[in-house]
Amino acid sequence: MASTPAGNRRTRVHVVSDVHGNARDLATAGEGADALICLGDLVLFLDYADHSRGIFPDLFGTENADRIVELRTARRFEEARAFQTRLWAGIGADRAAAIQKAVRGQYAEMFAAFPTPTYATYGNVDIPALWPEYAGPGTTVLDGERVEIGGRVFGFVGGGLRTPMRTPYEIGDEEYAAKIEAVGEVDVLCTHIPPEVPELVYDTVARRFERGSRALLDAIHRTRPRYALFGHVHQPLVRRMRVGATECVNVGHFASRGRPWVLEW
């Protein structure tokens, strides 16, 4: 990492999202930057490109992972839930312990890879209650909060909205809107999920609209940040577009790309 910004020299920030277990590239993601920003989804439950990777296939095998991806991609969510229920029944009362053990292992690796300083917020597949155990002194966790980096104010809102997928950190629309409101006017608005714009929420590979936030879109129109940065949609129809005065950018699926998005001023 570069040293803390000083004087009139330029500031460079690297931004990642949807890390999903890619600790190797995360370890070098901050090279040459004054700070690293992570927009969440550190955990890898299931890799839709490689069904052998993640907590789900580790517990239930690749064949069952193939089946769950098939059902979810076809939007047969009730069948997917029933299928998962049968699988989890085989583990019984140890379900929570098995998941937490696997997540802890991934978090230990991910947080150890963060450079100093890192500013991070949660994704929808993250488990916020575990983050304090792994976030070291060089990592600042923000959710509904602001921080100044190189003279610009960055606001952070983590998590996702409720969906049929029922991932770990999905919250209600009102709670999410309250966090957006708490952030207020900022230069750069950092969230895990995108604003509710069709081109930004449609995943061209999964062939479905992911959930974006109307409250986030309204805040962009109202407060006019320079940038709105997000991830969540792995293969978006449009990666970057202007909404009013704001440049909206999907910073990319870091798990597969392995490269941060760069913001410099």
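Visitor: Is tyrosine 107 buried or exposed?
Guide: This is a predicted model, so the value is computed from it. The relative accessibility of tyrosine 107 is 0%. Buried means under 20%. Tyrosine 107 therefore counts as buried.

Visitor: How many aromatic pairs does the structure hold, and what kind is the pair of tyrosine 107 and phenylalanine 111?
Guide: The structure holds 13 aromatic pairs. The ring centres of tyrosine 107 and phenylalanine 111 lie 5.7 Å apart, with 80° between the planes. Planes over 60 degrees apart count as edge-to-face. So this pair is edge-to-face.

Visitor: Which helix holds tyrosine 107 and phenylalanine 111, and what separates them?
Guide: Both residues sit in helix 5, residues 95-113. They are 4 residues apart. That spacing puts between them about one helical turn.

Visitor: What is the relative accessible area of phenylalanine 111?
Guide: Phenylalanine 111 is buried. Its relative accessible area is 6%.

Visitor: How many residues apart are phenylalanine 154 and tryptophan 265?
Guide: Phenylalanine 154 lies in strand 6 (residues 152-157). Tryptophan 265 lies in the segment after strand 15 (261-264). The pair thus links distant parts of the chain, with a separation of 111 residues.

Visitor: How many salt bridges are found in the whole structure?
Guide: The search covers the whole structure. The number of salt bridges it finds is 17.

Visitor: Where do arginine 214 and aspartate 218 lie?
Guide: These two form a salt bridge, with the closest N and O atoms 3.2 Å apart. Arginine 214 is partly exposed at 46%, and aspartate 218 is partly exposed at 32%. Being 4 residues apart, they are about one helical turn from each other in helix 9 (residues 214-223).

Visitor: Is glutamate 247 buried or exposed?
Guide: Glutamate 247 meets arginine 240 in a salt bridge of 2.8 Å, N to O. Arginine 240 is partly exposed at 42%. Glutamate 247 has 13% relative accessibility, so it counts as buried.

Visitor: Which residues do salt bridges that share partners join into one network?
Guide: Here the bridges share partners. They join Arg10, Arg12 and Glu264.

Methods. Residues numbered from 1 in each chain as written. Predicted model: local features only at pLDDT ≥ 70, side-chain atom pairs only at ≥ 80, totals over all residues. Heavy atoms only, no water. Phe/Tyr/Trp six-rings, centres within 6.5 Å; stacked < 30°, edge-to-face > 60°. Helix = DSSP H or I, 4+ residues; strand = E, 2+ residues; numbered from the N terminus. Buried < 20%, exposed > 50% of the residue type's maximum accessible area, 1.4 Å probe, protein only. Salt bridge = Lys/Arg side-chain N within 4 Å of Asp/Glu carboxyl O.
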